Amino acid sequence: MTKALLVEDDPKLSRLIAQFLEQHGFSVAQAYRGDEAVGAFRRHEPAITILDLMLPGRDGLQVCRDLRAFSSAPILMLTAREDDLDQILGLESGADDYVIKPVEPRVLLARVRALLRRHSQLDEPPERLEFGPLAIDRRARAVFHAGAEVDLTTMEFEMLWALASQAGQVLTRDDLLNAVRGIEFNGLDRSVDVCVSKLRRKLDDDPRDPARIKTVWGKGYLFSPRAHEGGDA
């Protein structure tokens, strides 16, 4: 079931909305005060938050800003006023959409589902990554460098994809083994180091002073996007 958090200070309305959503495949956690919302969110980790604008303890706009400080999960704001300013403030505070009270349950459900679809599409990983002359196509499982196809093994491709899809971030050997094989690094397995060495050679990265796939001593490896594009790392 899809988890939702409903923050609404009217217990009767909150109960009605929760029951309707639960009839349509949602698991709904409820909070009745703005100063309870962040704690409820952290406990339940909902896929979407439905947030009233006018709340005791902390207003919906501030709650929205608080949630946006650490989460990108969609927020649907409820407002009892049709004032454009309230709607603008809600959206500028980080809300993704709003519904005007009195709430028509089917309209609310449609908006919730639309937001979840939109969010899931944004979260879909890309199928192709490009860094200057380097192109990595996951769908075709092909890599091209300076227009020429690079012959990679399955493990080399998966490791390159793991590094490139998180370009600029340090990945530990444990991260890379999990991405490639789904196993944990035991401190003895050198396959990651061997694979990275082969990737460097195939991508014309100087093994004595690698710039494209860097070693971060004591931590792991980092894929440098700017080095592939011809700039500094």
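A charge is taken to sit over a ring if NZ of Lys or CZ of Arg is within 6 Å of the ring centre and within 35 degrees of the ring normal. By that criterion, arginine 42 lies over the face of phenylalanine 70, at 3.9 Å from the ring centre.

Colleagues, a word on the basis of these values. This is a predicted model, in which local features need pLDDT of at least 70 and side-chain atom pairs count only at pLDDT 80 or more, while totals for chains, interfaces and linings use all residues. Residues are numbered from 1 along each chain as its sequence is written, and side-chain values use heavy atoms, with hydrogens and water left out.

I turn to the aromatic rings. Rings of Phe, Tyr and Trp (its six-membered ring) pair if their centres lie within 6.5 Å; planes under 30 degrees apart count as stacked, over 60 as edge-to-face and the rest as tilted. The count by this rule is 2 aromatic pairs. In one of them, the ring centres of phenylalanine 41 and phenylalanine 70 are 5.7 Å apart and the planes stand at 75°, so this pair is edge-to-face. The two residues are 29 residues apart, with phenylalanine 41 in helix H2 (residues 37-44) and phenylalanine 70 in the loop between helix H3 (60-68) and strand S4 (75-79). Helices (H or I, at least four residues) and strands (E, at least two) are DSSP runs, numbered from the N terminus.

Are these two phenylalanines buried or partly exposed? Phenylalanine 41 is buried, at a relative accessible area of 8%, whereas phenylalanine 70 is partly exposed, at 33%. Here buried means under 20% relative accessible area, exposed over 50%, and partly exposed in between (1.4 Å probe, protein chains only).

Next, the sheet. Five strands form an open sheet in the order S2-S1-S3-S4-S5, with parallel pairing; two strands pair if DSSP finds at least two bridges between them. Strand S2 (26-31) and strand S5 (97-100) are at the edges with a single partner strand each, so one side of each has no neighbour in the sheet. S4 and S5 pair in the parallel sense over 4 bridges, and leucine 76 stands opposite aspartate 97 in S5.

H2, the helix that holds phenylalanine 41, packs on this sheet, touching S1, S2 and S3 (contact means heavy atoms within 4.5 Å). The direction of H2 makes about 170° with that of S1; axes are lines fitted to C-alpha atoms, for helices over the stretch in contact, and angles run from 0 to 180 degrees between N-to-C directions.
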